[in-house]
Amino acid sequence: MRPIHLLLLLICVIPFSASAQEDKGLLGKLENFEINHSVGVQIWSTYTMGQDIFNEVTGKYEAVDNRFNTQLRRSRISLKGKAYERIKFNFTAAVDAMGRDLLSGTEGPANNGPSPFIRIWNFFVQWQLIRESEDLYLTAGYFVPQIGRESITAGLRTGSMEKSWSQNYMRRHIVGTGPGRAMGINLGGILSSEEVNFHVGYDAGIFSPVFQSLNGNSTGINSTPMVSGRVALYFGDKESDSYTLGHKVNYLGKRKGLTLGVAATTQGETDLFTSNSAFGIDLLFNYGNLNLDGEWTWLQREGEFGNTSPFSVSSQTGYARIGYNLNLRNGYIIEPVVMWVAFLGETDEASQAYAASAGSLFGEEETIELGANLYFNPDLKLSLFYTLRNGDLGAADEGAQINNYYSQGGVGAIRRGNWVGLGLVAIF
């Protein structure tokens, strides 16, 4: 039996073994069906400077006008319910990028209009396998694999105005899409030792990303599932009292703890590559008013160039972010924040050709974002930030769409500009 098949068997068998001696009330519905709802919005007004678009006729980049743009950057509509004592569901829908000007410097999809569409963001069922214990949960459905600090942090809960785009590189590498979701099954939990205030979180999952074959509906003739795993050590306070797939950064002074995480994914042969893997480390440190978080992920993909020459290409991506809460007399909090983001891909001609044939991103880019958040309460904040961008084509020709700095869906080849933005996050 192949190791990946053994893992799949364990994920299917363990839940039933763990519940074998539970009482017979497991499948009995609750008399009062529990359901909670929430709506979160993120609205931006930005001003972009120095954006360029590539003119294929002249073979040169040309400047576009600096521009003001207002957009609904993100919105999340969530329903969370519990019809059984230890089984609950999470359904989250998203409406993003309404009003976005494609030639603004911000990243993301095309303008979601004039008749905006709603997309499913999360849809999963979670089973607490051991009564009154956080040791073991089974999650099945459509959700993000547990790798990368920023990828598993909610978009409305980050310290910077925009999420670190290192998550986009990592997500597109492991599941093929920017949202980073895939159908899968995950076992996870939190093991605790209250005597020494030390905790261990773990996740092991198996997913079915479909990548590019048959218009994004299959891995192709060759098929292998993707396996992911993460272990997080919590020194001091945990990030949450109960096991969860979602995380945040700023606890507004209520957490004193350090999280150190290590995670990896691996996938075998598909029509796009012969193997695909990622390995990452991440941290979150909250102590008093200080908030420090970051991650670094190594990405590797192997393939065959022209179906004859085996090759391996690699890249790295990550970020570091630091913020500090300044308490005001009226109970509000100002948090100055600085974030640095980098993507380091292949830069020589031969390696870039290999990367392109395997669908990998390459070249380099760097982002610095600095500004401040004003918290009225944990669910309501204003943000004012300035974002600086830079990129390197390596050996690629001008006009090559090799990474996020040089490419915009719906436009083509660009050089992304700097921008200043005022943002509102409100969660109801």
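Colleague: What does Glu85 count as at its relative accessibility?

Modeller: Glu85 counts as partly exposed, at 35% relative accessibility. Buried means under 20% relative accessible area, exposed means over 50%, and partly exposed is in between, with a 1.4 Å probe and protein chains only. Note that this is a predicted model, where local features need pLDDT of at least 70 and side-chain atom pairs count only at pLDDT 80 or more, while totals for chains, interfaces and linings use all residues. Residues are numbered from 1 along each chain as its sequence is written, and side-chain values use heavy atoms, leaving out hydrogens and water.

Colleague: Which residue forms a salt bridge with Glu85?

Modeller: Arg131, with the closest N and O atoms 2.4 Å apart. The two sit 46 residues apart, Glu85 in the loop between strands S4 (67–84) and S5 (87–94), and Arg131 in the loop between strands S6 (119–128) and S7 (137–143). Helices (H or I, at least four residues) and strands (E, at least two) are DSSP runs, numbered from the N terminus. Arg131 counts as partly exposed because its relative accessibility is 23%.

Colleague: And how many salt bridges does the count come to?

Modeller: The count comes to 14, taking a salt bridge as a side-chain nitrogen of Lys or Arg within 4 Å of a carboxyl oxygen of Asp or Glu.

Colleague: What about Glu150, buried or exposed?

Modeller: Buried, with a relative accessible area of 0%. Glu150 forms a salt bridge with Arg321, closest N and O atoms 2.8 Å apart. That pair is 171 residues apart: Glu150 is in the loop between S7 and helix H2 (166–174), Arg321 in strand S14 (residues 309–324).

Colleague: Which side chain does Arg321 meet in a salt bridge at 2.6 Å?

Modeller: Asp293, at 2.6 Å from N to O. Asp293 lies in strand S13 (residues 290–305), 28 residues apart from Arg321. Arg321 counts as buried at 2% relative accessibility, and Asp293 counts as buried at 2% too.

Colleague: Which residues are linked in a network of salt bridges?

Modeller: Arg149, Arg230, Glu239 and Asp282.

Colleague: Changing topic. How many bridges join strand S8 to strand S9?

Modeller: Ten bridges join S8 (residues 182–193) to S9 (residues 198–207), and the strands run antiparallel. Strands pair if DSSP finds at least two bridges between them. Ser192 stands opposite His199 in S9. The two strands form a hairpin with four residues between them, and Asn197 in the turn has a positive phi of about 55 degrees.

Colleague: What stands opposite Gly205?

Modeller: Ser228 in S10. Strand S10 (residues 226–236) runs antiparallel to S9, joined by ten bridges.
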